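Student: I've got a model open on my screen and I'd like to know where its labels come from. Can we go through them together?

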Amino acid sequence: MKFVKKAVGLFAVANVALFAVFFFDLDGKLLFNVVEPFLKDHYDNMERVDVLNKEYDVNKYPKYEA
């Protein structure tokens, strides 16, 4: 009986905690305030190939073999 009471109590606490995360949108706030700035800093500083300055050659095609 002691184990059942502990399991029900643990389930109730977990249910309340998950409801608070859902109700206050804590996961979205975490993503917006913590994860997104980190990803922005990372991906904005990446070196990229500028496709507008790339030389365009009309007669150069890749070799396709069937």
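Predicted model: local features only at pLDDT ≥ 70, side-chain atom pairs only at ≥ 80, totals over all residues.

Student: Let's start with the aromatics. How many aromatic pairs does the structure hold?

Tutor: Two. In one of them, Phe 19 and Phe 23 sit 5.6 Å centre to centre, with 25° between the planes.

Student: What makes the pair of Phe 19 and Phe 23 stacked?

Tutor: Ring centres have to lie within 6.5 Å to pair, and planes under 30 degrees apart count as stacked. With 5.6 Å and 25°, Phe 19 and Phe 23 pass both tests.

Student: Why are Phe 19 and Phe 23 separated by about one helical turn?

Tutor: Because they are four residues apart in helix 1, which runs over residues 2-23. An α-helix has 3.6 residues a turn, so residues three or four places apart point the same way.

Student: And what kind of pair do Phe 23 and Phe 24 make?

Tutor: An edge-to-face one: their centres are 5.0 Å apart and their planes stand at 90°, and the cut-off for that label is over 60 degrees. Ring pairs therefore link Phe 19, Phe 23 and Phe 24 into a cluster.

Student: Is Phe 23 called buried or exposed, and how do you know?

Tutor: Exposed, because its relative accessibility is 54% and the label needs over 50%. Phe 24 has 47%, so it falls between the 20% and 50% limits and counts as partly exposed.

Student: What makes helix 1 "hardly covered"?

Tutor: The count of buried residues among its 22 residues is zero, where buried means under 20% relative accessible area. Gly 9, for instance, is found in helix 1 and is partly exposed at 32%.

Student: How do you know that the length of helix 1 is close to what's expected?

Tutor: Helix 1 reaches 31 Å from its first C-alpha to its last, and 32 Å is expected at 1.5 Å a residue. Helix 2 gets a similar check: its 19 residues should span 27 Å, and the end C-alpha atoms are 26 Å apart, which agrees.

Student: Where does helix 2 have a kink?

Tutor: At Val 35, shortly before the proline Pro 37, with a kink of about 35°. That angle is taken between axes fitted to the seven residues ending at the bend and the seven starting there.

Student: What stands out about the phi of Asp 25?

Tutor: Its phi is near 55°, a positive value in a residue other than glycine. Most residues other than glycine have a negative phi. Asp 25 lies in the loop between helix 1 and helix 2, and its 42% relative accessible area makes it partly exposed.

Student: Which residues make the nonpolar surface patch?

Tutor: Leu 30, Leu 31, Val 34, Val 35, Phe 38, Leu 39, Tyr 43 and Met 46 make it, with an area of about 740 Å².

Student: Last one: how far apart in space are Asp 50 and Val 21?

Tutor: They are 42 Å apart, C-alpha to C-alpha, and 29 residues apart in sequence. Asp 50 sits in the segment after helix 2 and, at 41%, counts as partly exposed.

Definitions and conventions. Residues numbered from 1 in each chain as written. Heavy atoms only, no water. Patch = residues over 30% accessible without salt bridge, like charges linked within 9 Å, V, L, I, M, F, W, Y side chains within 5 Å. Areas by Shrake-Rupley, 256 points an atom, 1.4 Å probe, with all protein chains shown as cover. Salt bridge = Lys/Arg side-chain N within 4 Å of Asp/Glu carboxyl O. Phe/Tyr/Trp six-rings, centres within 6.5 Å; stacked < 30°, edge-to-face > 60°. Helix = DSSP H or I, 4+ residues; strand = E, 2+ residues; numbered from the N terminus. Buried < 20%, exposed > 50% of the residue type's maximum accessible area, 1.4 Å probe, protein only. Expected span 1.5 Å × (residues − 1).
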